[in-house]
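Me: I'd like to go through the labels on this model and hear what backs each of them. Could you set the values against the cut-offs as we go?

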Amino acid sequence: MASSLTLSAFQIPTSPPYRVNAAIAASQTSREAPDLHFSTPFQLQQLHARLIKSGLPLSSSLPISLTRVAAVCALSSPSDFSYARSVFLLYGDAPSETLLWNTHLNTLSSSPCPGEALALFSRLRFAGVLPDTFTLSFVLKACSRSPLSPLLGRAVHALVEKLGFRSDIFLLNTLVHMYASLGDTASARLLFNVIPAKDVVTWNIMITHYTKEGEMVVAQQLFDSMPERSVRSWTAMIAGYVQWKNPNEALRLFRDMETTGMRPNEVTVVAVLAACADLGELDLGKRIHAFAMQCSLHKNNVRVCNTLIDMYIKCGCLQLARQVFDEMAERTVVSWSAMIGGHAMHGQAEEALELFSKMEEASVEPNAVTFVGLLHACSHIGLLQEGRQFFRSMTQDYGIVPEIEHYGCMVDLLSRAGLLEEARGFINKMPIEPNSVVWGALLGGAKVHKNIEMGEEAIHNLMELDPRNDGYYVVLSNIYADAERWEDVAKIRRMMKDRGLKKTPGWSTISLDGVVHSFVAGESDHPQIEEIHRSLDELLEKLRHRGYVPDTSAVLLDMDEKNKERVLYHHSEKLAAAYGLMNTANGTPIRIMKNLRVCSDCHAALKLISEITNREIVVRDRNRFHSFRHGSCSCKDYW
């Protein structure tokens, strides 16, 4: 049995090659097997050809046997593999060397057509060649990549048992991976449970499978039960939590991982940076960036750099994102698109358009995501004609078929510009069915321009498409309140109550020294809340001296002006800003995350606060970033 085959049989010798002619001459003189060495498949092919011309028989006893020729070439480049297949044909239908079959199975199992490996395995069985553990592992790998082969996978599993390989942990792990890859969780878990001596790979395979399926509770239970963990174990869990929208748990696990002394790898870094981006955890993101630089993970690593760009953009540090982008040795369309979208989110439309021009100069073909960023840029600053041109260009110049996101951007652009009738006509002419994002954009424009009729039409469609979204009802209620149609406001509230909907409370968070502090409008159990209120009262007094008058129209409740002002003073973004000013050094930017859009009163107040305190205040709301500096906002009040 060939199960004693070692990996060295698959490795190309690295000793210096002898001259081909001298080797051939020596073999012809002595008629003994020459001591031949080679360093590349090309040199081996040359030697093979010379031996054929010399008439020396190529028996398997020679160092330059057909088996060795085919084995080395099969494990090299695609062109060398075609040479190996030609050599394979010299054997007829039944070459006896298991090594020759294995090298071909290994290459085909990783190829775009794994079914070819399965067909070759059938030939091997028909030829009566006894498979070894390597043979079976390659076939199982092919099975795991071919959704049409579950029955063959079970047959190979039976063969593993029949040939007495049931104690081979590598084969057992490959079987677990095969069942998991084919979606047969029950069989994968059953086999996992009966393996007597699981290694860390066994555990990792099952944990990774559960995380991909979103079964994070089961994955966590397995993770907690592991006798030992590798960096892959931690990374699978962290990436799983990020994928399934639980970044807080991802960062908790990462901090636990740090206490063990385990060093993250590239995949860990990418996953943690993604979690930092979701939560606005700038301090941790910077620390991970420093680690990546220390380990040279960022050099020529496009994936890490792209994730860093995304993290800095979503944490409100556009300058640092641009620095990473500018220092990249190689940029992909993802890099360009992320940076263009970042400028758009921060209200820097001109910079986004300029960057797109540089992208064209660099001969990088834009994709659908690139144009989403460009259309957002135009929408966020009111570049109407430019937006129309980009929408035409993506189809005419680049052959990109607009998707629902592009149509949503165009409706948003037209609606913000006050062209509500054109926006409605645009929706009616769409070749695809408009979704809630498209109608929501029209509703947003109706609110900005106080168009009750258009708001009612939008909400009529939204109630069918997304009836459980309380935000749409609230926007229509706000439109009615702006018009002081309080009976209609009450009607909307009754409708929400009848449908079991509650208005999502506004909250803001600010992260200091790795701790996230949360504030809810009008209420807070924060230990410094009394001090925060005093500090905020002092700020508001300074604002009044600068001419600040509370915009009570932002309070869409039927109450007197005094009570409306009291409500405004305790909005969550004001509380978060006051807390940040109290607990950070002069000159430190204040970075706030908000779940809803910034209201008009807070927007005006934060502009003045940035001027009075000489601080930059960055607010990431539901739609975009507002960077308040020296009494103005990056959105130029177009929002």
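Me: Where is T235, and why is T235 called buried?

Reply: T235 is in helix α13, residues 231-243; helices here are DSSP runs of H or I with at least four residues, strands are runs of E with at least two, and both are numbered from the N terminus. T235 has 5% relative accessibility, and buried means under 20% relative accessible area, with exposed over 50% and partly exposed in between (1.4 Å probe, protein chains only). So T235 counts as buried. Setting aside residues up to four places away in sequence, T235 touches N265, V267 and T268, where contact means heavy atoms within 4.5 Å.

Me: What should I keep in mind about where these values come from?

Reply: This is a predicted model, so local features need pLDDT of at least 70 and side-chain atom pairs count only at pLDDT 80 or more, while totals for chains, interfaces and linings use all residues. Residues are numbered from 1 along each chain as its sequence is written, and side-chain values use heavy atoms, leaving out hydrogens and water.

Me: How many helices and strands does the protein chain have, and what share of its residues is buried?

Reply: The protein chain has 32 helices and 6 strands. Buried residues make up 49% of its 639 residues. Take contacts between residues at least 6 apart in sequence: 63% of them join residues at least 24 apart.

Me: What makes α11 roughly parallel to α13?

Reply: The two pack at an angle of about 5°, with their axes 9 Å apart. Axes are lines fitted to C-alpha atoms, for helices over the stretch in contact, and angles run from 0 to 180 degrees between N-to-C directions. Under 35 degrees counts as roughly parallel, over 145 as roughly antiparallel, 65 to 115 as roughly perpendicular and the rest as oblique. That angle therefore makes α11 roughly parallel to α13. On the α11 side, V200, N204, I207, T208, T211 and K212 meet R232, S233, A236, M237, G240 and Q243 of α13.

Me: How do those contact residues divide into nonpolar, polar and charged?

Reply: There are 4 nonpolar, 6 polar and 2 charged in the contact of α11 with α13. Nonpolar covers Ala, Val, Leu, Ile, Met, Phe, Trp, Tyr, Cys and Pro; charged covers Asp, Glu, Lys and Arg; the others, Gly among them, are polar.

Me: Why are α9 and α11 called roughly parallel?

Reply: The axes of α9 (residues 169-181) and α11 (residues 200-212) come within 9 Å and cross at roughly 5°, so α9 and α11 are roughly parallel to each other. The contact is made by I169, N173, V176, H177 and A180 of α9 with V201, T202, I205, M206 and H209 of α11. This contact splits into 6 nonpolar, 4 polar and no charged.

Me: How do you know that α23 and α25 are roughly parallel too?

Reply: α23 (residues 404-416) and α25 (residues 436-448) pack at about 10°, with axes 8 Å apart, and are therefore roughly parallel to each other. I404, G408, V411, D412 and S415 of α23 meet V438, A441, L442 and G445 of α25. Here the division is 5 nonpolar, 3 polar and 1 charged.

Me: Why does I492 count as buried?

Reply: I492 is in helix α28, residues 486-498. I492 counts as buried because its relative accessibility is 4%. Neighbours within four places aside, I492 is in contact with Y473, L476, S477 and Y480. Y480 is 12 residues away along the chain, and the C-alpha atoms of I492 and Y480 are separated by 9.4 Å.

Me: What makes β1 and β2 a pair?

Reply: A pair needs at least two bridges found by DSSP. Strands β1 (residues 507-512) and β2 (residues 515-520) pair in the antiparallel sense over 6 bridges. S511 has V516 in β2 as its bridge partner. β1 and β2 form a hairpin with 2 residues between them, and D513 in the turn has a positive phi of about 55°. β1 also runs antiparallel to β3 (residues 590-594), joined by 2 bridges, with T509 opposite M593.

Me: Why are β2 and β6 said to stand at the edges?

Reply: The open sheet of 6 strands has the order β2-β1-β3-β4-β5-β6, with mixed pairing. β2 and β6 (632-633) each have a single partner strand, so one side of each is left without a neighbour in the sheet. Elsewhere in the sheet, 4 bridges join β4 (residues 617-620) to β5 (residues 625-629), which run antiparallel, and V619 stands opposite H626.
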